[in-house]
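Colleague: I am new to this structure. Could we go through it by question and answer?

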Amino acid sequence: MPAPRTVLLTGAAGGLGTLMRGLLPAYGYELRLFDAVPVEGEPGAITADLGDREALREAVRGVDAIIHLAGISLESSFDKILRANIEGTYNLYEAAREEGVRRVVFASSNHVVGHTPRPLPGDPLIPVDAPRRPDTFYGLSKSFGEDLAQLYWDRHGMETVSVRIGSCFPEPTSVRMLSVWMSPRDGARLFHAALTAEGVRHTVVHGSSDNTRLWWDLTTARSLGYEPKDDSEPYAARLIAEQGELDPDNPDHAHLGGHFCTDPPIWPR
Ligand code: NAI
Ligand code: 15L
């Protein structure tokens with residue numbers, strides 16, 4: 001596949017979308033922006049919902065690839081997750097299929113496997129083929145997205161890299177994040193690798209920096225050409241002094257998904 005140049009970035013107004021709008025153009029991409037809400041400072045961005053199939057068809061027309069970030073990014077009611085993350089991702093893949101887009105990078109999440117016990121020091125890292133154990137309706141919707149990506153590869157030859165992102169924020173803000181943090185610069189490196197690697201079919205990768213306290217295996221991400229350069233360790237002393245070490249007997253700290261595993265779901269009112 002020739003290196004993509006024009007890339008549709010869905011979820012461009014969100015936290016990760018804003019970080020990637022700043023970082024990805026340096027790799028030579030021309031970004032077309034899409035979000036349900038206006039993207040600040042970007043009058044050319046497409047403002048539309050993932051439920052609007054006509055708008056999606058127009059948005060994907062002529063792009064070389066898609067980075068799909070749009071959706072509900074935390075736990076919510078099943079109905080809301082269903083519309084935005086499950087139906088919305090289906091609508092996007094259908095539009096991409098109809099318009100002949102060959103490559104998608106899907107923002108999956110650690111919460112697909114959030115109920116996996118977190119490794120203690122000395123334990124093996126969590127492998128990328130660990131059984132799926134979603135911790136929320138949110139994690140379940142990302143699990144659906146990964147299966148949808150597999151189906152569209154097997155049926156239609158559309159390639160996807162599903163990036164199970166740990167926590168991508170400017171800095172880690174919790175002791176848990178020291179283990180799953182992906183610096184924004186490493187995020188851009190990984191998305192670039194996912195856009196340009198040859199023959200990815202449908203590949204699931206873990207998305208983190210090269211953290212000293214890493215919980216999961218980055219081999220598959222590295223096999224795409226990803227070379228992380230950051231490590232959360234410089235933040236460790238301050239965060240541990242403020243919050244204490246993770247307590248293995250605290251249920252909030254027992255699993256990869258952290259407090260997502262223990263917070264009650266938000267039921268419809
Ligand atoms: P965010 O909540 O800041 O941004 C999501 C964006 O999607 C928002 O701008 C929102 O307006 C848009 N959106 C939501 N529903 C939509 C719909 N129906 N139609 C069109 N646009 C819609 O989330 P963030 O942190 O930027 O995450 C981006 C993606 O990466 C999400 O899919 C999230 O699940 C995933 N992810 C993020 C992680 C992180 O650490 N930031 C970790 C794991 C996954
Ligand atoms: C996610 O999937 C969320 O989108 C993000 O906001 C963080 O909560 C992240 O996981 C995390 O696990 O830290």
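Predicted model: local features only at pLDDT ≥ 70, side-chain atom pairs only at ≥ 80, totals over all residues.

Colleague: Which residues are the closest to ligand 1?

Modeller: Ligand 1 is surrounded by 26 residues. The closest of these are L16, D35, S73, Y138 and C168.

Colleague: How far from an oxygen atom of ligand 1 is a backbone N or O atom of C168?

Modeller: Backbone atoms of several residues lie by ligand 1. For G14, a backbone N or O atom is 3.1 Å from an oxygen atom of the ligand, and for L50 such an atom is 2.9 Å from a nitrogen atom of ligand 1. For C168, the distance from a backbone N or O atom to an oxygen atom of ligand 1 is 2.7 Å.

Colleague: How much of the accessible area of ligand 1 does the protein cover?

Modeller: On its own, ligand 1 has 830 Å² of accessible area. The share of this that the protein covers is 85%.

Colleague: Which residue has a polar side-chain atom 2.5 Å from an oxygen atom of ligand 2?

Modeller: The residues around ligand 2 include S73, N110, S167 and R176. N110 has a polar side-chain atom 3.0 Å from an oxygen atom of ligand 2. The side-chain atom at 2.5 Å belongs to S167.

Colleague: What percentage of the area of ligand 2 does the protein bury?

Modeller: Taken alone, ligand 2 exposes 310 Å². The part buried by the protein is 83%.

Colleague: Which element gives the largest share of the largest nonpolar core?

Modeller: This core has 32 residues, and I67, V163, I165, F191 and L224 touch the most other members. Elements that give two or more residues to the core include β1 (6-10), α1 (15-23), β4 (65-68) and β6 (159-165). The largest share is six residues, and the element that gives them is α6.

Colleague: Which residues is F191 in contact with, leaving aside its neighbours within four places in sequence?

Modeller: F191 is one of the residues that touch the most other members of the largest core. Leaving aside neighbours within four places in sequence, its contacts are L16, M20, L24, I67, L69, V105, V163 and I165.

Colleague: Why do the buried residues of α8 line one face of the helix?

Modeller: Helix α8 covers residues 236-243, and A236, L239 and I240 in it are buried. They line one face because, seen down the axis of α8, they fall within an arc of 95°.

Colleague: What do the buried residues of α8 pack against?

Modeller: The face turned away from the buried side of α8 carries the exposed residues A237, A241 and E242. The buried residues pack against α5 (177-180).

Colleague: Where is R201, the residue with phi near 50°?

Modeller: Most residues other than glycine have a negative phi. R201 is not a glycine, yet its phi is positive. R201 lies in the loop between α6 and β7 (202-207).

Colleague: Is D135 buried or exposed?

Modeller: D135 is placed in the loop between β5 and α4 (137-156). Its relative accessible area is 9%. Buried means under 20%, so D135 is buried.

Colleague: Which residue has a side chain joined to that of D135 by a polar contact of 2.6 Å?

Modeller: Not counting residues up to four places away in sequence, D135 touches H111, G114, H115, G257, F260 and C261. The polar contact of 2.6 Å joins the side chain of D135 to that of H111.

Colleague: What is the relative accessibility of S109?

Modeller: S109 is found in strand β5. Not counting residues up to four places away in sequence, S109 touches Y138, K142, V163, R164 and I165. S109 counts as buried, with a relative accessibility of 3%.

Conventions. Residues numbered from 1 in each chain as written. Chains lettered and ligands numbered in written order. Heavy atoms only, no water. Buried < 20%, exposed > 50% of the residue type's maximum accessible area, 1.4 Å probe, protein only. Helix = DSSP H or I, 4+ residues; strand = E, 2+ residues; numbered from the N terminus. Arc of directions from axis to C-beta. Contact = heavy atoms within 4.5 Å. Near = heavy atom within 4 Å. Polar contact = N/O pair within 3.5 Å; in protein donor to acceptor, adjacent residues only side chain to side chain. Areas by Shrake-Rupley, 256 points an atom, 1.4 Å probe, with all protein chains shown as cover. Core = buried A, V, L, I, M, F, W, Y, C linked by side-chain atoms within 4.5 Å.
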